[in-house]
Amino acid sequence: MAPETVRFAVLGAVRVWRAGVELRPAGPRQTALLGLLLVRAGQPVSVGELVDALWGRRPPVSAVNVIRRHIGALRRLLEPGLPARAAGRWIVRAAGGYRVAVDADTLDLLRFRRLRDEAGRAGTSGATADAVHLLTEALSLWQGTAGSGLPSLLHAHEAFTALARERVGTLKDAADAALRAGRPGVVLSGLREAAADHPLDEPLLARLVLVLAATGDGPEALRAYDTTVSRLADELGIDPGPELRDALRTALRGPASAPAPAPGGRGASAGAGSPDGQSVKGAPTSDAGPVGEGPGHLPSPAQLPHDLPTFTGRRAELDEALALLVGETRGDSAPPDPHPGTVVIGAIGGMAGIGKTTLAVHWAHRIAHRFPDGQLYVNLRGFDPSGAVMRPGEAVRGFLDALGVRPERVPRGLDAQAALYRGLLAGRRFLVLLDNARDTDQVRPLLPGTPGCLAIVTSRDRLSGLVAADGARSLTLRPLDTDQARDFLTRRLGAGRVAAEPGAVAEIAVLCAGLPLALACVAARAATHPHFALSDIAAELREAHGSLDAFARSDVSANVGAVFSWSSRALSPMAARLFPLLSLHPGPDFSVPATAALAGLPVREARPVLAELAHGHLVNEHRPSRYAFHDLLRAHSADLVETRCTDAGRASARRRLFEHHLHTAHTAGRLLAPHEDPVPLAPPADHAGVPLADDRAALDWLTAEYPVLLAVIDTAARSGLERIACLLAWSLEPYFDRRGHWHDWAAAQRTALDAALRLSDPAMEARGLRALARAEGRLGLHDRALDRLGRALELFVELGDDIGRANTHRSLGWTCDQLGDLPGALRHNRLALDLFRATGQRAAQASVLNSVGWYHALLGEYDQALEHCFAALDMLRETGDRYGQASTWDSVAYAYHHLGRHPQALIGYRNALTLYQDVGVPYLEATTLSRMGDTHRTTGDHEAARTAWRRALALLVELGHPDADLVRAKLRGRDRQLGLADAR
């Protein structure tokens with residue numbers, strides 16, 4: 001029999017034919033064994049993995065022999081007359097297991113992959129029609145679920161679950177190609193079937209919505225979207241993500257509609273509904289929309305730190321860690337039970353400097369390919385000597401940002417934020433590395449909630465609560481023994497140099513207490529001086545020991561401070577001066593310009609000094625031009641700064657650093673909001689501030705320094721620099737609001753207000769009250785905000801600060817609006833207008849004129865509204881404020897609509913839309929579209945009304961804004977009146 005006459009199938013039931021005749025393996029276990037070999041498609045499968053897949057946790061003692069008997073029987077089935085113990089053509093021994101020697105002509109799975117890859121090449125070359133044909137042919141090979149009929153234990157195996165995801169992924173690619181080629185109908189039945197099997201797969205459902213809309217079935221597209229939204233809310237407690245919202249937006253607008261503008265407004269003037277000159281609640285002018293541009297582009301963060309190229313040792317610990325996951329086995333032994341129904345949690349513990357993070361990162365990189373949806377990382381700073389321990393809420397919000405959640409969609413409260421985070425990870429395969437945790441309470445909100453994810457946690461704490469209550473697998477690292485230390489040094493210094501002085505190597509291992517961090521410092525010193533004998537280095541270490549008794553820590557087994565002291569004494573004078581000062585930096589990492597300010601150096605001189613410290617392993621360049629300490633080295637640096645620097649020297653360095661951040665943040669704030677009430681600053685000193693070219697540069701700097709800036713506010717307030725804390729918090733207001741960091745905004749302003757009260761400065765107190773009220777207003781705490789604004793206004797009146805009074809009236813007007821008090825909103829804006837006129841603040845006058853006009857319109861005083869709004873337009877054109885012009889045209893159109901002048905209203909709305917799209921303010925674009933629909937309805941143009949409302953709905957759904965319900969109500973009411981299908 002020629003071998004090419006044998007064919008296998010696994011895309012459906014496991015089947016095999018020889019010369020056209022179907023063969024029947026002897027029993028379900030033999031069929032299951034063949035199925036697993038076929039799913040692995042020519043790759044070796046270890047005996048241990050086969051045993052685990054067939055029997056699970058309790059295999060019989062004879063399991064390995066049974067496997068061998070099944071292999072022999074399958075060989076004879078495929079090749080009758082094969083001699084006993086002969087390997088045969090099809091099933092061969094390989095790497096401690098077996099594999100099936102198949103190719104694309106003999107196995108449907110490999111044929112499927114070949115067609116899929118050919119389609120990818122065709123699509124890349126522009127042959128979209130060919131790509132569609134190849135993908136549909138590939139999908140036609142599937143005759144059901146892969147391995148259908150096999151035991152459920154085998155279906156839970158990663159190879160089968162991965163193959164199921166591969167099928168769905170190919171179907172998504174086919175849908176994308178079919179949409180591009182204008183042939184959406186060829187994938188519709190497959191999408192419907194897959195959507196029924198995966199009702200919470202948002203990217204898949206997004207394609208179903210798009211394909212239904214493209215085939216002309218708009219009502220079913222809307223029903224599919226609505227069904228998915230309900231399921232997500234009921235089963236996961238989350239709103240639809242950006243890809244699904246984008247699909248609805250495209251479906252509602254239709255193929256001829258212009259694409260929606262990317263979010264991101266740069267206007268600083270107040271529009272209708274934002275009379276305090278800031279973004280409307282629920283409508284931030286953020287540039288940071290969700291990652292991606294449509295189907296297939298959901299965020300897949302890859303946040304792991306880089307793997308250490310010289311990683312060595314820890315073989316036993318790494319094997320134990322790898323064995324937590326199915327498929328990572330040692331030899332033929334089965335791995336420990338991975339609890340496939342739960343999240344797998346690996347907790348790596350041990351003393352400081354033992355190498356927990358290094359092992360965790362290396363392990364994570366080894367298995368990252370198993371988590372294709374992404375890898376998340378956070379340093380929780382649980383034992384940072386500065387005390388800057390990360391709050392769980394801060395970490396969760398960082399993960400939500402990485403997952404593409406817009407800041408305005410982040411709910412209030414840690415529990416709600418953690419629930420949203422877990423919901424986003426549900427049904428996806430993520431690796432989450434939680435580094436340097438303080439305790440179980442800090443970790444628990446950050447754990448994924450559903451199977452398919454791995455959480456790796458490192459901590460000096462034993463995390464016994466995590467082990468007991470969450471099933472974490474604990475792995476405690478111990479110091480390296482002499483052999484492991486020798487391997488460690490060999491990787492860094494070369495085998496010849498280490499082998500030449502075995503006694504010195506052993507002594508170095510003892511003096512470094514087996515801690516990889518201490519050994520790295522010694523290796524860096526030796527590598528820098530290749531002519532030094534290792535025995536001389538050992539002697540230096542021996543002499544240094546005992547000289548830093550004050551550094552001894554309860555969690556360190558030896559006085560490793562002596563190693564660090566010895567390393568720092570080998571630095572150049574400038575590096576030796578800088579190293580202690582770095583402990584004064586309160587943030588989790590530091591930039592080159594910040595370091596220069598701290599040391600009072602030009603940036604060009606600070607850069608090589610930091611490079612010298614990094615080369616000696618005293619700091620780590622974890623990102624380009626950003627450096628961080630290990631917390632042991634930070635503690636050592638803090639000890640040195642106490643002994644080597646005077647109180648005055650430390651205070652001077654800290655002030656230089658804080659002023660550097662303050663002046664740069666002030667510049668950035670003015671770029672983001674040039675018409676805001678400026679924060680009063682003294683002229684900058686030398687090295688105070690980074691030059692920023694435009695608002696994009698400002699956003700980039702603020703984003704990179706954001707955790708540092710929050711730490712500076714807290715530290716300055718605690719260390720007697722209250723004025724700097726206040727000024728920095730107020731300088732960050734435009735950034736907080738633009739990015740939607742309202743929780744952090746409120747916390748920073750509480751710190752600033754407390755600091756202002758300690759200063760007993762009424763001007764600082766007034767500004768602090770107003771700033772905190774603004775933040776609380778964004779969080780919906782309007783009654784509290786109203787009280788603070790009233791007190792701030794009293795203080796500004798006492799101070800005679802008319803600009804402060806005017807801006808406070810604007811904030812009071814916005815708050816009254818939110819509380820439903822429209823006469824109060826108008827009154828406060830008219831008072832602000834009078835004050836701005838008296839002080840000559842022309843840009844502010846123009847913005848407030850529009851707000852006054854808007855509130856006149858809301859109160860039914862339309863002629864007065866038009867008078868104020870047209871006056872505002874003239875001034876806004878002079879100042880070039882397109883954002884203000886857009887909101888003013890909207891106000892004008894609203895007034896015309898209610899005067900019955902509908903053609904003029906439509907012109908005003910179109911002008912507003914053009915400008916809103918230009919500056920990128922999607923919420924206000926949606927509100928204008930909603931009102932435009934009202935005008936079309938009044939004129940009897942029902943189709944134009946529905947089109948405008950649907951466009952508005954798509955934008956509001958994308959933003960996750962509650963006003964979407966109001967627009968849905970308009971659509972439902974209108975469609976019922978017209979006798980059409982319910983459109984939601």
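Buried residues are those under 20% relative accessible area and exposed ones those over 50%, with partly exposed in between (1.4 Å probe, protein chains only). The model shown is predicted, so local features need pLDDT of at least 70 and side-chain atom pairs count only at pLDDT 80 or more, while totals for chains, interfaces and linings use all residues. Residues are numbered from 1 along each chain as its sequence is written, and side-chain values use heavy atoms, with hydrogens and water left out.

**View 1. Arg 207 in helix 9 (residues 202-214).** Arg 207 counts as buried because its relative accessibility is 2%. Its side chain makes a polar contact with the side chain of Asp 176 at 3.1 Å, and another of 3.2 Å joins the side chains of Arg 207 and Glu 243; a polar contact is a pair of N or O atoms within 3.5 Å, where within protein one must be able to donate a hydrogen and the other to accept it, and residues adjacent in sequence count only if both atoms are side-chain atoms.

**View 2. An open sheet of five strands in the order 8-9-10-7-11, with parallel pairing.** The edges are strand 8 (374-379) and strand 11 (473-476), each of which pairs on one side only; two strands pair if DSSP finds at least two bridges between them. Strand 7 (residues 344-349) pairs with strand 11 over four bridges, and Ile 348 has Leu 475 in strand 11 as its bridge partner.

**View 3. The two faces of helix 20 (residues 502-511).** The buried residues here are Ala 504, Val 505, Ile 508, Ala 509 and Leu 511. The face turned away from the buried side carries the exposed residues Gly 503 and Val 510.
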